[in-house]
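Please keep the structure open while reading.

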Amino acid sequence: MKIHEKYMLRCIELGKNGLGNTAPNPMVGSVIVYNNKIIGEGYTSPYGGSHAEVSAINSITDISLLKEATLYVTLEPCSHYGKTPPCADLIIKHQIKTVVIGTLDPNEKVAGKGIKKLKEAGCNVITPILEKECKEHHKRFLTFFTKKRPYIILKWAETKDGFIAPNSSKRKVTPEPFWITNTFSRQIVHKWRAEEQAILVGTNTAIQDNPKLDTRKWKGKNPTRIVLDKNLKVKQDFHLLDNKTNTIVFTENKLVKNIIPNINYEIVSFDASLAKHICNSLHRRNINSVIIEGGTKTIQTFIDSKLWDEARIFIGNTSFKEGIKAPIINNEKGHTKQLLKDQLYIIKND
């Protein structure tokens, strides 16, 4: 492995510490090397805090070493004022001679301007390094700016015989819930929720399961909850409308006027372009990732609209024999993980 790749891998490793906390900012990682030794490390703080380069520079005891050091960073340093000053200016201020960058920032406020500023100041800029790995690491941020929508993760659990839920008659006879997967798989789902900005379900899932859509089985902040409720069928005493977490309700009911305080209602057309309408709205709200947890109709809407990036499908060691069929996704580019007796199939929509 080449030396630049070695340090860039460390940057990626550091950047992962910000997963679930930095959005809508990217989870950048940075290291500073002097005489073949790492003397400073940093990653993006929660939104509004220090960027990775700032944290790395601030971690150094003897700043005089910076003049002879090399700074590595997974994403092009910013060149504009936002919540914090430009990182490119700080690098220039400390006269860091060499800057190694994983990939470019597609945000039009940066988009090569950070590199240009560094070069004009006399910095030796080396890029790209491990670009494929850095783009995968920054997939949420990059999708938001290049595709003008959130990074979309589809998630569902299905039985060995292909059902996502039992039929309504079985629900009336047998107490809920009807778990398809084991407790370990269910805990992983809560971990995923903590990593994304938002979580979305359809009307039937909201009514039949009365989910909380929180991270109670994992340490982390709750994602923004989103429910598709065309005719406002979800009752006010359901968990999704309990005001414990920021919640958005997409509806077609034009008579809605803040029925429940602190719940964000948005009127959209539930037509063939519903998935696109939702993506446009979430983009306007600066949400760069969403995990869609059901049900079949809602998930299938995004699949058919080709508006998804990743599917995470659990296949549990159980059967329903009849019920609601799981979504259909025609994509064989995936890999399988074994989780006790459950199988997790992960597909990327490349």
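The largest cavity has a volume of about 130 Å³. A cavity is a set of points, on a 1 Å grid over the protein atoms alone, where a 1.4 Å probe fits but cannot get out, and lining residues have an atom within 4 Å of a point. Grid points are joined across faces, edges and corners, and the volume is the space filled by probe spheres set on them. Lining this cavity are 18 residues, with Thr22, Asn25, Met27, Arg140 and Asn288 nearest its centre. Helix H6 supplies the largest share of the lining, three residues.

The model is predicted: local features need pLDDT of at least 70 and side-chain atom pairs count only at pLDDT 80 or more, while totals for chains, interfaces and linings use all residues. Residues are numbered from 1 along each chain as its sequence is written, and side-chain values use heavy atoms, with hydrogens and water left out.

The second largest pocket has a volume of about 600 Å³; a pocket is an open set of points with protein on both sides within 12 Å along at least five of seven lines. Of its 29 lining residues, Asn25, His80, Asn107, Phe141 and Phe145 are the closest to the centre. Helices H2 (52-58) and H6 (139-146) each give two or more residues to this lining; helices are DSSP runs of H or I, at least four residues long, and strands are runs of E, at least two, numbered from the N terminus. Phe141 and Phe145 also belong, with Phe144, to one aromatic cluster.

Next come the cores. The largest nonpolar core has 31 residues, and Ile152, Leu154, Trp156 and Phe302 have the most contacts inside it. Such a core is a set of buried (under 20% relative accessible area, 1.4 Å probe, protein chains only) Ala, Val, Leu, Ile, Met, Phe, Trp, Tyr and Cys residues joined through side-chain atoms within 4.5 Å. Helix H10 (residues 274-284) gives the most to this core, five residues. Apart from it lies another core of 29 residues, including Leu213, Ile263, Phe320 and Leu344.

Four aromatic pairs are found in the whole structure. Tyr7 and Tyr72 form a tilted one, 5.1 Å centre to centre with 50° between the planes; rings of Phe, Tyr and Trp (its six-membered ring) pair if their centres lie within 6.5 Å, planes under 30 degrees apart being stacked, over 60 edge-to-face and the rest tilted. This pair links helix H1 (residues 3-15) to strand E3 (residues 70-75), 65 residues apart in the chain. Both tyrosines, Tyr7 and Tyr72, are buried.

Note on methods:
Buried < 20%, exposed > 50% of the residue type's maximum accessible area, 1.4 Å probe, protein only.
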